[in-house]
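Please read it with the sequence and the coordinates at hand.

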Amino acid sequence: MSATPTNSPALAVHVRGVSKTFGTGETAVTALNGVDFTARQGELLMIVGPSGCGKTTLLSVIAGTLNFDCGELDVFGSPLHRLKPREITEFRKRHVGFIFQAFNLIPTLTCIENICVPLLIGGVSRRVAERKALALLDEVGLGARGHERPTNLSGGQQQRIAIARALVHEPRLIICDEPTSALDKDTGAHIMDLLRTAARNPNRCVIVVTHDSRVFKYADRLTEMEDGRVQRVHDQGGNYDLSE
Amino acid sequence: MYHLALKMLLGDRAKYLMLVGGLTFATMLMTQQCGVFFGLLKWTTSHLSNMRAKLWVVDRKVEQANELKALRDTDVNRVRTVPGVAWAVPVYVTVQSAKLADGNFKPVMLVGLDNATLIGQPPVLLRGKLESVRLPNSVIVDELAVRRLSSGRAKPLDLGDTFELNDKEARIVGICRADKHFFGYPYVYSTYTQALQFAPKQRKMLSLILAEPAPGWSLDDAAAAIEAATGMKAYTEEKFFWATIWWYFKNTGIPIAFISTIALGFIVGMVISGQTFYAFVHENLRHLGALKAMGASNGLLVRMLLLQAFIVGFIGYGLGALLVVGFGRTAVARGEPPFMFPWQLPVATFCLVMSICALSAVLGIRKVVKIEPAIVFRG
């Protein structure tokens, strides 16, 4: 089975009846309970819900970083449930970009080197990788800070570096785990602007897991989860009423 | 990715220095102790290197070069008559007491050489003439003897100076360089006849016989012929060398002491570098997990860790070896402590240090291979 996506319709991610249980016996915890879920190409989709509802588990499954017990998962036409571990690793390397709450930048490397990482993992030469990284740095507004270490930057600047790292190899799926939780309102807004711009690419899909209600307005669609299931999908943009 | 792996390693300055320091220490301890051990073993065979002969004939019960049992004077002629022997000469070797100018006494190794041929002469004569040793009461002393026996004098002993050897006056006619004896005794050479006059009288005075096989005879065949004809023990130089070395291995605690220290060096290196490298991997686990999530295979991460481990191994080994070479140069120049640095030693130490690095890396590799990339999503 090839790890290369096929030409698919507008669906970027299609999850069908996916379940995931951690542990066994009395201590078993069902994190996902027959989840059905879709994300479209060219959209920024948010997954929201209370702590422990399974949204990060769902994100891990969609990203191909966590095996699931049953169900099916297609990402840009590639059936991840049928791929071997090595093929899934290859898929992630080519097609998935990651943005984490804690940034996960390597503190001993410079910003440029951090951004280069996905390209270098993909076998791109150091020179080409650094050229692309510099271009991305300019796009996120940190062109002058490339040779500094991430620890010298503010939280917002570090997250912009992380976004550059997530975009540098031009992945089709961007996975964001609480990208604004550690940031103030203005910085969070700037980060969401960058992600929204990234999602405007019609061949790309940005999935954001967040608790941060300040950024809900950036979502094209918003998926609410509870008890390991998708409860509701809000299709309208702008203000969402999640009070129920 | 490999240059980034190195930057990750070098960026954590404290752990990097700890790793390099641990491996430098381990290299130094293992190599230096082995060097001193080999040097000490070589000192046990100093008679062989200082007298140099192809065949060594001794009492049948003698097992090593430093425990000689006296032979009868007539035994030299018995060896000379054995077919296969080109020549044989008597040698007298015992520890005697030299009196210093300040009244103290120092033991010296007195070697009495065959009067006619002076076979067994000092390896390197620095000053004086070899033949002068035939003059009455004459001796040739080594550099160590000059240092040791000059105690209490206004200036060091020199050619023409005298000292007391067993209450008899000995005049220095030559200064030589000789390998030091295992017990640290200086070598004092004289003729066989004069050595017997310096030494207290005993019923049997001949210590050993040096011989050479006749043309057409192999060393082993000549030695076997001597043993068959005389009942004495005839060693080839190489066999006597190894018999002496093994005797010290089997009959003294020296090897155990050194092997314990060498093992300690390995264990300390292993513990320091293993623990530090494991801590390094553990602290970077989240970043390694992120790399895995981004598509880095286990193979790539393993290669990165091995590169990091072996790079610190190379650097630690290099620094440790340099320090040992410095120590060795000083030791050789001073003549003590014993030191010997055969090429096999740095090669063996290199292999040991690399095995430490490999074992250290394995601890980290196990952890990295097991982590799930989803770890990066956990808080």
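1. The structure is a predicted model. The values in this note are therefore computed from predicted coordinates, with local features requiring pLDDT of at least 70.

2. Extent of the interface between the chains. Chain A brings 28 residues into contact with 23 residues of chain B. Together chain A and chain B bury about 2300 Å², and 68% of that area lies on carbon and sulfur atoms.

3. Polar and charged links between the chains. One salt bridge is found across the interface of chain A and chain B. The salt bridge between E113(A) and K7(B) has its closest N and O atoms 2.8 Å apart. Between chain A and chain B there are also five residue pairs in polar contact, counted with both residues at pLDDT 80 or more.

4. Elements on the chain A side. Which elements of chain A each supply at least two residues of the side that touches chain B? They are helix 1 (55-63), helix 2 (85-95), helix 3 (111-121) and strand 7 (173-177) of chain A. Helix 3 of chain A gives the most, with five residues. By class, the side of chain A that touches chain B comprises 14 nonpolar, seven polar and seven charged residues.

5. Domains of chain B. The assignment divides chain B into domain 1, made of 2-43 and 253-377, and domain 2, made of 72-231. The centres of domain 1 and domain 2 of chain B, taken over C-alpha atoms, are 48 Å apart.

6. Contact between the domains. Seven residues of domain 1 of chain B meet five residues of domain 2 of chain B. The area buried between these two domains is about 530 Å², with 48% on carbon and sulfur atoms. The interface of domain 1 and domain 2 of chain B has one salt bridge; D179(B) and K42(B) form a salt bridge with closest N and O atoms 3.1 Å apart. Two residue pairs in polar contact, both at pLDDT 80 or more, are found across the interface of these domains. Helix 2 (residues 13-44) of chain B provides the largest share of the domain 1 side, three residues. The residues on that side of domain 1 of chain B are three nonpolar, one polar and three charged.

7. A sheet in chain A. Four strands of chain A form an open sheet in the order 2-1-4-5, with antiparallel pairing. Strand 2 (29-40) and strand 5 (78-79) of chain A are the edge strands, each pairing on one side only. Eight bridges link strand 1 (residues 11-22) of chain A to strand 2 of chain A in the antiparallel sense, and H14(A) lies opposite T38(A) in strand 2 of chain A.

8. Partners of strand 2 in chain B. Strand 2 (residues 85-99) of chain B runs antiparallel to strand 9 (residues 208-213) of chain B, with six bridges between them; W87(B) has E212(B) as its bridge partner in strand 9 of chain B. Strand 2 of chain B is also antiparallel to strand 3 (residues 105-113) of chain B, through eight bridges, and V93(B) is partnered by V111(B) in strand 3 of chain B. The hairpin of strands 2 and 3 of chain B has five residues between the strands, and G103(B) in that hairpin takes a positive phi near 95°. Two bridges join strand 2 of chain B to the antiparallel strand 6 (residues 162-165) of chain B, where A98(B) has L165(B) as its bridge partner.

Notes. Residues numbered from 1 in each chain as written. Chains lettered and ligands numbered in written order. Predicted model: local features only at pLDDT ≥ 70, side-chain atom pairs only at ≥ 80, totals over all residues. Heavy atoms only, no water. Domains from an automatic or database assignment. Contact = heavy atoms within 4.5 Å. Buried area = accessible area lost by both parts, 1.4 Å probe. Salt bridge = Lys/Arg side-chain N within 4 Å of Asp/Glu carboxyl O. Polar contact = N/O pair within 3.5 Å; in protein donor to acceptor, adjacent residues only side chain to side chain. Nonpolar A, V, L, I, M, F, W, Y, C, P; charged D, E, K, R; others polar. Pairing = 2+ DSSP bridges.
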